[in-house]
Amino acid sequence: MSTQIELNREEEFPTLYLIDGSAYIYRAYHAVRGLSNSTGLATNATFGFTRMLIKLMQDRAPGYVAMFFDAKGPTFRHERYASYKANRPPMPEDLVEQLPWIRKVTEAFNIPVFEQAGFEADDLIGSLARRAEKNGFRVVMVTGDKDFMQLVTDRCTIWDPMKDKRIDPAAIREDFDLEATQMIDVMGLSGDTADNIPGVPGIGQKTAVRLIQTFGSMDGVYAGIESITAKKQKEKLLQFKDQAMLSRELVTIDRNAPVDFDPDHLKRKKPDDEALTRLFAELEFRQLQKTYASQGESVARRYAAIMDKAALDELVARLERADRFALDTETTSQDPMQARLVGLSFSLVPAQAWYIPTGHNYLGAPEQLSLDVVLDRLRPVLADPAIEKIGQNIKYDWMVLRRHGVELAGVDFDTMVASYLIDPGKRAHGLDQIALDYLGHKNISFAEVAGKGKAAVTFDQVTIDKAIPYACEDADITLAAHDVFVPLLEARGLTDLMKRVEMPLLPVLLGMEMTGVCVDRDRLHDLSKSFAGQLNTLERQIYDMAGETFNVNSSQQLGHILFEKLNLPVQKKTKKKTGYSTDVEVLTKLARSHELPALVLRHRTLAKLKSTYADALLDMIHAETGRIHTSFNQTVAATGRLSSSDPNLQNIPIRTEEGREIRKAFVPREGWTFLSADYSQIELRILAHCSEDSILIQAFKDDEDIHTRTATEVFQVFPQMINDDLRRQAKAINFGIIYGMSAYGLARELEISNKMAQTYIDHYFARYQGVKSFIENTIEAARDTRRTSTLLGRLRQLPDIASTNRNVRQFAERTAINTPIQGTAADLIKLAMINVDRALRQKRMQTTMLLSVHDEMIFEVPPDEMDDAKALVREEMEHVWELAVPLKVNVACGQNWAEAH
DNA sequence: GCGAGGCA
DNA sequence: TGCCTCGC
């Protein structure tokens with residue numbers, strides 16, 4: 001209803017809003033402090049400005065609107081008065097860099113911009129206001145600047161959106177008992193310190209107002225000067241008469257600047273929502289994105305279900321004609337190796353999507369197209385490499401489809417991977433998060449359609465009515481996210497990494513997951529039993545010593561026994577001081593004075609091995625394939641590395657004998673052999689390459705033992721003097737450097753004094769000067785750009801690198817060093833995986849890549865291929881990238897994972 | 001030094 | 001949710 005009233009008023013009096021952009025930039029800059037995006041770009045003024053603009057457009061819904069900026073360079077006022085605005089400091093750097101963004105925001109709102117050399121925004125506003133008034137328009141000058149009061153008439157008012165205050169002639173009369181035009185004379189007398197306009201010294205605004213009230217104008221003041229009794233005031237007025245006249249001239253807004261008044265041009269246009277969304281994403285205005293989008297959620301989304309053959313034919317015809325489309329599957333399980341298809345959704349154009357239900361089987365479900373019919377009909381278009389497929393975590397859909405006998409081709413873009421590349425530090429890259437952050441859109445939650453907790457049902461039990469908007473939205477939003485991500489990746493130089501590494505890697509990971517790996521069921525059973533027996537014995541001993549039974553795995557209960565019952569010395573509290581710490585370090589120390597802690601340590605190791613590996617692995621054997629299908633996650637580790645889960649292969653113990661027992665349970669298929677290939681010292685080699693450190697480079701070129709070499713450098717002894725302990729210490733130093741460890745950390749690791757640790761580090765840097773400057777340069781570069789990057793341009797945002805909090809900053813600095821090294825290793829391993837996979841295919845070999853763990857790849861090799869496979873893998877891995885040092889790969893084979901390592 | 005997943 | 005242990 002309010003819209004109706006607004007429209008009527010608009011029709012009667014077309015109203016033109018003239019926005020004093022320049023003034024707002026400054027006001028926003030000072031009103032919003034300390035805002036920047038993850039690239040380090042200051043965004044405070046842009047944010048304040050944008051918020052003001054949204055508020056204006058939404059609250060006022062102006063029929064006509066224009067934006068005004070000051071042009072660079074001097075104006076006629078500078079010519080008249082050299083000191084004009086001379087006291088203004090130059091615009092701060094972090095404001096200057098925001099100007100282009102403010103301009104882009106204005107353009108995205110489709111608001112015409114006025115800016116002209118030689119004129120200030122004020123003059124352009126005054127001139128356009130005059131023309132508009134003449135043409136029967138009402139004018140609202142959007143500003144907080146009191147200079148504009150001189151222009152105020154019944155049909156031309158000021159509105160200050162920050163104070164939400166309207167100034168019309170009546171308001172001026174009330175505040176000053178003056179007419180608007182008299183304000184020029186007031187300001188002529190009082191001057192304006194902000195603009196360095198002098199006025200008459202000693203006469204402030206209050207006095208000036210009183211004088212003009214009395215005499216009507218400045219000319220009136222001088223005509224009646226003799227009647228002024230205050231002697232000092234009279235003297236000053238006379239002495240500075242010329243200055244007062246000049247000041248009046250300077251504060252007078254020029255109303256004859258050459259501006260075009262073209263109502264068509266000024267008529268408010270619909271904002272370019274797509275451009276705004278993209279800008280908000282880049283500026284990281286998540287909150288604004290949300291408010292803006294929730295108001296502007298006017299987009300009519302057209303979602304429909306495909307229930308019959310004719311509709312399916314029509315959709316397939318559309319898909320065939322498309323260059324690209326987004327697809328999503330609805331299934332019965334999160335696990336792609338278990339999931340059954342319930343339906344498929346597609347989106348080809350923004351805000352439009354279709355859902356094809358095939359497997360909803362709740363009571364009373366309508367008849368649906370059969371899955372076979374649907375897949376047969378879709379198969380050609382899904383397998384057409386010329387049509388680009390876009391998905392969110394498309395590895396999942398691809399696996400499900402493959403398990404249902406349909407192959408995808410032309411898989412071009414994964415929005416989850418894109419989100420990860422843009423900001424790998426984010427916790428979540430799910431579609432809901434992406435929609436919120438980049439599209440300002442709140443997705444329908446899974447819980448809304450399927451229920452949550454115990455009441456949750458599988459998707460086949462969800463009614464089709466509920467499924468349609470949910471499933472369609474996923475495809476629709478995926479397509480929209482793609483359109484936002486493509487320019488964002490491009491802007492950050494991530495397109496190549498996406499196209500050449502992450503997307504090609506996706507099918508390689510998918511292949512490994514689907515192939516799975518064989519485990520020796522009997523061995524695992526035996527292990528589990530043996531662990532159980534040992535745990536039992538340990539528990540009995542522990543309870544005996546404790547004098548009571550308790551859950552040894554509960555650190556809380558253990559803390560109670562150790563520190564309250566047995567009164568052992570408390571070493572440290574847990575992080576949030578909720579209890580006693582019982583970690584390895586504490587228990588190891590306590591073990592010196594009491595037998596119990598040692599038993600607990602042993603218990604812990606065995607319990608972890610039993611529950612997390614032996615038993616869990618048995619549980620994870622797939623019913624149909626009889627193998628274990630690990631998930632490789634491409635979007636979790638912030639450094640760029642892969643992670644694995646269910647089971648997590650990254651933390652299977654390797655140092656202890658029991659840990660190796662678990663590895664022995666991973667076996668090749670009957671008659672085949674495992675081949676393991678791992679990069680030797682890849683991180684230190686990358687450090688050598690990045691730092692160009694001559695000693696480090698030479699050491700690797702000569703294929704020296706790098707830890708021994710570091711020992712000779714740091715401890716200043718001959719190589720033949722290096723014993724195991726010195727080498728161990730040097731190794732800790734080498735890793736400490738990579739991880740950005742402090743002297744304190746190294747001291748703890750080596751159990752030496754802080755001072756000694758610092759001496760080691762000093763010696764290290766004295767010898768490896770290239771490394772020293774590399775670290776310094778990397779931190780400095782990170783401080784400039786607020787990010788750090790790898791060899792292939794993978795980025796990690798470091799918003800905290802310039803934090804004033806020392807701890808926070810130092811953490812970011814360590815990350816700045818560690819990420820390029822670990823991340824480059826990740827880049828190279830990913831590239832090597834792609835190349836090895838491709839080479840194996842080209843040679844039509846049966847050798848299959850099964851696992852990728854850290855710097856190691858594991859293959860299953862048929863008997864006659866071993867020599868070829870070894871050579872191929874080594875060749876591809878060692879020559880994946882030309883570095884300043886050779887890459888070395890250790891290759892070994894065996895009848896289980898432990899043996900092949 | 002941190003991050004990863006898994007368990008109480 | 002926090003703690004723990006493993007890996008790099």
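The model is predicted, so local features need pLDDT of at least 70 and side-chain atom pairs count only at pLDDT 80 or more, while totals for chains, interfaces and linings use all residues. Residues are numbered from 1 along each chain as its sequence is written, chains are lettered from A and ligands numbered from 1 in the order in which they are written, and side-chain values use heavy atoms, with hydrogens and water left out.

Strand 8 (residues 324–331) and strand 9 (residues 341–347) run antiparallel, joined by six bridges. Here strands and helices are DSSP runs numbered from the N terminus (E, at least two residues, for strands; H or I, at least four, for helices), and two strands pair if DSSP finds at least two bridges between them. In general, strands of a sheet pair through backbone hydrogen bonds, either parallel or antiparallel.

Stepping back, we find an open sheet of six strands in the order 7-10-9-8-11-12, with mixed pairing. Its edges are strand 7 (302–305) and strand 12 (411–414), each of which pairs on one side only. On average, neighbouring strands of this sheet are turned by 25° against each other, direction ignored. Helix 18 (residues 371–382) lies across strand 8, strand 9, strand 10 (352–357) and strand 11 (388–391), at about 40° to strand 9. For such angles, axes are lines fitted to C-alpha atoms, for helices over the stretch in contact, and the values run from 0 to 180 degrees between N-to-C directions.

The largest nonpolar core has 180 residues, and F346, L378, I662, F666 and M833 have the most contacts inside it. Helix 37 (residues 806–842) gives the most to this core, with twelve residues. A nonpolar core is a set of buried Ala, Val, Leu, Ile, Met, Phe, Trp, Tyr and Cys residues joined through side-chain atoms within 4.5 Å; buried means under 20% relative accessible area, exposed over 50%, and partly exposed in between (1.4 Å probe, protein chains only). Leaving aside neighbours within four places in sequence, F346 is in contact (heavy atoms within 4.5 Å) with residues including L315, F325, W354, L378 and A475. Apart from this core lies another, of 49 residues, among them V139, M141, L151 and L189.

The whole structure holds 16 aromatic pairs, where rings of Phe, Tyr and Trp (its six-membered ring) pair if their centres lie within 6.5 Å, with planes under 30 degrees apart counted as stacked, over 60 as edge-to-face and the rest as tilted. One of them joins F137 and F261 edge-to-face, 5.2 Å centre to centre and with 85° between the planes. F137 lies in the loop between helix 7 (121–134) and strand 4 (138–142), and F261 in the loop between helix 13 (241–251) and helix 14 (263–266), so the pair ties together parts that are 124 residues apart in sequence. F137 is buried, with a relative accessible area of 7%, and F261 is buried at 16%.

Two lysines also meet rings: the charged end of K104 sits over the ring of W101, 4.0 Å from its centre, and K241 lies over the face of Y222, at 5.0 Å from the ring centre. The criterion is NZ of Lys or CZ of Arg within 6 Å of the ring centre and within 35 degrees of the ring normal.

Finally, the whole chain: chain A has 39 helices and 22 strands, and buried residues make up 52% of its 901 residues.
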